[in-house]
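Hi there,

Here is the structure I promised to pass on. Have a look at it first, and then read my notes below.

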Protein chains: 2
Amino acid sequence: MRAHRLTTRRVRLGAVDLGRGAPIVVQSMTTTPTQDVRATLRQIRRLRQAGCELVRVAVPDAGAAEALPRLVRASPLPLVADIHFDARLAKTALAAGVAKIRINPGNLGLEPALDIGRAAARAGVAVRIGVNSGSVPERQRRAARSSESLGRLMARMAVRYAGAFERAGVRRLVLSVKSSEVAATLAAYRTLAGSSRLPLHLGLTEAGGDLAGAVKSAAALSPLLLEGIGDTLRISLTGDPVLEVRVAYQLLSALGLRRRGVEIIACPTCGRTRIDLERMLRRVEKAVADITQPLTLAVMGCVVNGPGEARHADAGLAGAPDGSFMLFAQGRPLRRVTAAAAVPALLAQVKKILLERGKAHAAESSA
Amino acid sequence: MRAHRLTTRRVRLGAVDLGRGAPIVVQSMTTTPTQDVRATLRQIRRLRQAGCELVRVAVPDAGAAEALPRLVRASPLPLVADIHFDARLAKTALAAGVAKIRINPGNLGLEPALDIGRAAARAGVAVRIGVNSGSVPERQRRAARSSESLGRLMARMAVRYAGAFERAGVRRLVLSVKSSEVAATLAAYRTLAGSSRLPLHLGLTEAGGDLAGAVKSAAALSPLLLEGIGDTLRISLTGDPVLEVRVAYQLLSALGLRRRGVEIIACPTCGRTRIDLERMLRRVEKAVADITQPLTLAVMGCVVNGPGEARHADAGLAGAPDGSFMLFAQGRPLRRVTAAAAVPALLAQVKKILLERGKAHAAESSA
């Protein structure tokens with residue numbers, strides 16, 4: 001896979017680095033009422049557990065803004081304050097010590113937005129300028145003849161805003177140009193990447209429910225990520241934000257850009273399959289869900305593609321016509337196991353691999 | 001979106017056309033034992049209901065092959081027989097009247113595969129030559145230094161096989177080069193599209209469970225489809241194949257290539273959301289699941305992005321701060337509704353749109 005990434009300006013957000021050579025940062029957004037500090041922190045901890053590195057909270061009113069100092073103090077992740085319409089809330093958020101402010105000059109007005117930018121710069125806090133297709137003025141949106149021209153229009157708006165912020169001395173900037181359409185998203189980010197060296201936050205807004213939203217997000221972000229575009233991403237899904245983080249890693253892992261946790265190669269099953277592979281897959285998925293180290297496992301129902309594919313995995317199972325399984329590990333067939341013993345044998349092998357890695361790591365550290 | 005598709009040879013499969021200007025064909029594969037005719041037909045009917053246009057059945061043994069005449073007779077979709085290892089099964093499948101045979105010369109041997117090809121050509125039946133990374137000879141696979149070179153190797157194998165088939169007089173060919181890796185898949189299909197004008201069957205094998213598999217498939221196929229590559233596709237997921245068809249349409253719809261059924265734009269919800277949008281979305285999703293006409297709906301929780309995005313939908317709801325909703329239709333705000341009345345109001349609007357379309361269609365037809 002093309003390892004090449006476009007070179008962007010490095011921006012620091014708390015303990016997290018964004019841009020120029022830093023890993024692509026996975027972020028999400030809480031869905032709890034921000035003023036409910038306990039519920040919000042609980043969700044942030046769950047997000048972190050799933051691999052989230054940066055978390056955004058909505059700050060729609062004074063109640064939410066007043067909760068920020070407590071959230072910043074207790075959050076295990078750097079916080080991004082999402083500010084709309086009301087510039088005063090941004091001041092409260094800056095005073096609370098958030099790592100980044102997300103604003104859209106399209107709904108705040110450019111001058112109030114620049115004021116926030118200057119205050120953020122003084123506080124050493126980054127600013128994301130987030131242009132949304134929904135905030136493109138109605139007349140301009142109607143004039144755009146295609147999704148692509150709407151996307152390019154959004155990119156030009158973002159570049160123009162960024163120029164105004166830079167002239168005002170605000171340099172810790174991140175840009176995003178989100179739309180709910182794949183075509184507009186592709187055109188927007190490609191145009192933006194071609195005309196700015198600021199780090200880019202990728203995302204498709206209003207993607208929808210879990211499966212449809214994940215497919216639409218992957219369809220839009222995969223081409224961009226493969227072109228080297230994107231320094232951080234958020235997958236927007238309706239529902240539990242932990243799923244957003246899982247999908248983000250599934251996408252980055254599929255593209256060879258970041259690995260976290262276990263990737264399972266599993267055959268789709270067909271009329272050849274003589275075992276309940278789906279149940280077996282769910283059992284393995286469940287057992288390895290909390291492993292954060294990169295690992296590839298294979299669960300293959302039959303001999304047609306099974307052995308050939310499974311040999312590439314760190315460990316794997318491939319079904320034999322007699323109902324037994326071959327356990328593979330790191331390229332070598334290990335032994336034949338019964339169907340009942342197959343999943344426990346695979347999990348024991350996983351444990352062994354992780355243990356050996358741990359020992360190798362310990363040996364390296366003490367050397 | 002780029003409407004351009006690469007020009008490929010047109011191949012007819014029963015009532016379905018593949019390649020050169022035909023819509024991208026959505027296919028799947030049954031997971032029932034093929035000899036269980038009743039269960040297989042039930043699954044085929046469910047697949048057709050979901051929009052599947054071509055269905056593959058595994059033919060691993062004589063029992064499965066003997067069920068084919070009954071399946072062909074009763075199936076509402078053209079059938080593809082999946083043949084591995086045993087060439088005699090292909091003859092039975094051809095006699096049964098399947099629309100396509102899928103073979104892999106890598107596991108059948110080239111000469112037996114060519115024999116099947118000649119018999120298929122005589123019967124007027126198409127052949128898919130399906131190269132899988134699992135069937136690349138071990139020595140060559142080890143020699144490939146990267147996923148990309150493995151992909152290019154698979155493409156060269158497919159082109160070499162296709163040449164042998166064409167010289168043997170077999171011209172109704174479809175090619176596929178599947179792997180479980182995104183990088184290998186991209187390299188394989190790009191190389192193939194550059195050196196063959198045969199229609200291509202896209203897919204990623206062993207993609208995994210539903211969500212992870214859907215993300216990985218979309219990540220691999222989106223760039224190819226956007227480049228004009230692909231005449232038919234199958235999304236391989238472990239589990240119910242109906243999901244494969246849904247994901248295929250979600251992907252094609254996101255890319256503007258084919259529409260079927262309702263696309264729902266829904267906001268991801270955040271701390272600003274004052275209503276249970278997820279539940280609302282699920283209610284709408286469920287109510288419109290059986291609509292096959294293309295329609296875009298919006299379910300937006302709040303005023304920040306809501307109204308701007310929802311106006312682009314055929315019909316939509318956008319939440320207001322007081323807990324009520326604005327119902328939109330085809331670009332115009334219609335009326336304010338209470339939260340309880342919102343979903344029924346949206347569904348009534350959907351019914352109205354479909355009814356009006358039906359009338360317009362009837363008027364056109366009788367004109």
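One term before we start: two strands count as paired if DSSP finds at least two bridges between them. With that in hand, look at A:A329, whose bridge partner in β15(A) is A:R332. Keep in mind that this is a predicted model.

**Strand β14 and its neighbours in chain A**

A:A329 belongs to β14(A), which covers residues 325-329. On its β15 side, β14(A) is joined by 5 bridges to residues 332-337, and the two strands run antiparallel. β13(A), residues 315-319, also pairs with β14(A) in the antiparallel sense, again over 5 bridges. In that pairing, A:M326 of β14(A) sits opposite A:A318. β13(A) and β14(A) make a hairpin with 5 residues between them, and A:G323 in the turn has a positive phi of about 95 degrees.

So is β14(A) buried or exposed? Mostly covered: 5 of its 5 residues are buried. In a regular strand, side chains alternate between the two faces of the sheet. Here A:F325, A:L327 and A:A329 are buried on one side, while A:M326 and A:F328 are buried on the other.

**Chain A as a whole**

Chain A has 13 helices and 15 strands. Its radius of gyration is 23 Å, close to the 21 Å that the globule rule gives for 367 residues, so chain A is as compact as a globular protein of that length. The C-alpha atoms fill a box of roughly 70 × 50 × 40 Å along the principal axes. Of the 367 residues, 61% are buried. Chain A exposes about 14,000 Å², with carbon and sulfur atoms supplying 51% of that.

**How the two chains relate**

Turn chain B by 180 degrees, with a shift of 0.0 Å along the axis, and it lies on chain A with an RMSD of 0.0 Å. The two copies are thus related as by a two-fold rotation axis. The same surface serves both copies, since 100% of the contact residues of chain B recur in chain A.

**A parallel sheet in chain B**

In chain B, 8 strands form an open sheet with parallel pairing, in the order β8-β7-β6-β5-β4-β3-β10-β9. β8 (173-178) and β9 (201-202) of chain B stand at the edges with a single partner strand each, so one side of each has no neighbour in the sheet. β3(B), residues 25-29, and β10(B), residues 232-233, pair over 2 bridges; there, B:V25 has B:T232 as its bridge partner. Helix α10 of chain B (residues 241-254) lies across β3 and β10, running at about 160 degrees to β3(B).

Cheers

How values were computed. Residues numbered from 1 in each chain as written. Chains lettered and ligands numbered in written order. Predicted model: local features only at pLDDT ≥ 70, side-chain atom pairs only at ≥ 80, totals over all residues. Heavy atoms only, no water. Helix = DSSP H or I, 4+ residues; strand = E, 2+ residues; numbered from the N terminus. Contact = heavy atoms within 4.5 Å. Axes fitted to C-alpha atoms, helices over the stretch in contact; angles between N-to-C directions. Least-squares fit on C-alpha atoms with pLDDT ≥ 70 in both. Rg over C-alpha atoms; globule rule 2.2 N^0.38 Å. Buried < 20%, exposed > 50% of the residue type's maximum accessible area, 1.4 Å probe, protein only. Areas by Shrake-Rupley, 256 points an atom, 1.4 Å probe, with all protein chains shown as cover.
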